Amino acid sequence: MNKIWFVMVVGSICFLLWRDPSSVLDSMIDASGEAFSLCIELCAVYAVWLGVLELVEASGLSEKLAKLLHPLIKKLFKIDDKETEKMIALNMSANILGLGNAATPMGINAIKRLDDGSGVATNAMIMLIVLNATSLQLLPSTVVGLRSSAGSTSPSDIILPTIIVTFCTCLLGICLVKLCNHIRDKLKRKKK
Amino acid sequence: MSAYIIPIIFIAIFCYSKYKKVNTYDTFVRGAKKSIPLVVDIFPYIAAIMVAVALLRASGITALLANALSPVFNFLGVPTELIELVLLRPFTGSGSYALLNDVLVQYGADSYISRCACVILGCSETIFYVTTVYISQTKVKKLLYAIPIALICATFGAVFACLLCKIM
């Protein structure tokens with residue numbers, strides 16, 4: 001991340017130096033302001049979802065959900081921790097419902113619990129990140145909304161192709177992570 | 001149809017909590033309280049990535065890159081008009097929705113280009129944003145192959161989306 005960020009920022013500034021040097025600071029502060037208003041929005045969204053989540057947690061629903069998804073989570077993550085499993089189960093359910101913003105706090109909690117403090121991502125963490133980054137979602141509601149407001153005659157006819165593609169990318173992601181994790185474990189064993 | 005899903009889930013959660021004798025009000029407040037520290041914790045990470053994206057877009061590097069990469073993407077079946085969208089999607093959610101809106105207005109909501117754009121956006125995520133926010137609260141510095149795999153999947157998704165929109 002450090003490298004990517006450095007290249008993006010320095011590269012862009014060098015480019016702007018030659019094109020439009022006065023816009024550098026302006027666009028940076030604009031973006032930071034945008035980030036701030038996004039965070040205020042997120043704060044509101046998270047308050048609602050974390051409130052509901054606390055209820056799900058306190059009523060024991062999250063345990064039920066975790067039990068339901070247990071075989072899948074066990075296969076994908078190879079972890080053995082009830083709390084983490086609950087968080088991952090909630091994260092995955094929120095993602096499938098297309099609630100990316102609700103999935104984030106639970107994903108953060110799950111990742112925190114998976115952290116072993118070594119500074120290197122564990123196999124399970126990589127799986128969770130890739131699952132979230134490939135976004136298995138069944139209801140692309142924002143896109144459909146934008147499309148209908150742009151005057152489409154049947155705005156929802158993109159749902160089926162979207163589901164097919166999202167399912168395939170997700171599957172591809174899982175397979176690639178599994179493969180890389182497998183290779184990584186093998187290399188580790190060899191070193192020992 | 002989809003508008004009913006969330007309210008129904010909420011009713012179910014609230015009623016089930018009541019049934020389990022949970023103090024709904026107190027519990028909701030306890031959860032909601034956690035949102036402020038969480039947002040304070042992730043704000044700097046969001047700011048850093050948004051600043052970088054803003055610079056990238058302002059500099060016009062993405063447009064240049066889109067031009068330079070157009071033969072590759074065209075070969076894979078992705079129309080030139082959508083390359084900037086594919087390139088920016090991993091970095092910014094709001095930015096890519098703005099781009100999608102431009103495409104919808106410019107080419108018409110029911111055109112092939114617009115449908116591809118919709119599917120590409122619907123099946124992908126803001127990879128860098130998600131990754132930074134998720135690991136922001138841990139000590140992890142090395143992500144190994146997480147980002148490359150996510151990017152491969154996103155590219156595959158874009159190619160597949162364009163192909164599927166041709167036949168569906």
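Start by selecting helix H8 of chain B, residues 127–135. In H8(B), the buried residues are Ile127(B), Phe128(B), Tyr129(B), Val130(B), Thr131(B), Val133(B), Tyr134(B) and Ile135(B). Keep in mind that you are looking at a predicted model. Eight of the nine residues of this helix are buried, so H8(B) is largely enclosed by the rest of the structure.

Next, bring up the neighbours.

Select H5(A), residues 100–114, and H6(A), residues 123–134; their axes come within 9 Å and cross at roughly 165°. That angle is over 145°, so H5(A) is roughly antiparallel to H6(A). To see where they touch, pick Ala103(A), Gly107(A), Ala110(A), Ile111(A) and Leu114(A) on H5(A), then Ala124(A), Met125(A), Leu128(A) and Asn132(A) on H6(A). By class, this contact has seven nonpolar, two polar and no charged residues. The crossing of H5(A) and H6(A) is left-handed.

Finally, zoom out to both chains. How many residues does each chain bring to the contact? Chain A gives 80 residues and chain B gives 78. On the side of chain A that touches chain B, colour H1 (2–19), H2 (23–58), H5, H6, H7 (141–149) and H8 (159–191), each of which supplies at least two residues.

How values were computed:
Residues numbered from 1 in each chain as written. Chains lettered and ligands numbered in written order. Predicted model: local features only at pLDDT ≥ 70, side-chain atom pairs only at ≥ 80, totals over all residues. Axes fitted to C-alpha atoms, helices over the stretch in contact; angles between N-to-C directions. Helix = DSSP H or I, 4+ residues; strand = E, 2+ residues; numbered from the N terminus. Parallel < 35°, antiparallel > 145°, perpendicular 65-115°, else oblique. Left-handed = near helix turned anticlockwise from the far one by under 90°. Contact = placed C-beta atoms within 7 Å. Nonpolar A, V, L, I, M, F, W, Y, C, P; charged D, E, K, R; others polar. Buried ≥ 20, exposed ≤ 12 C-beta atoms within 10 Å, placed from the backbone.
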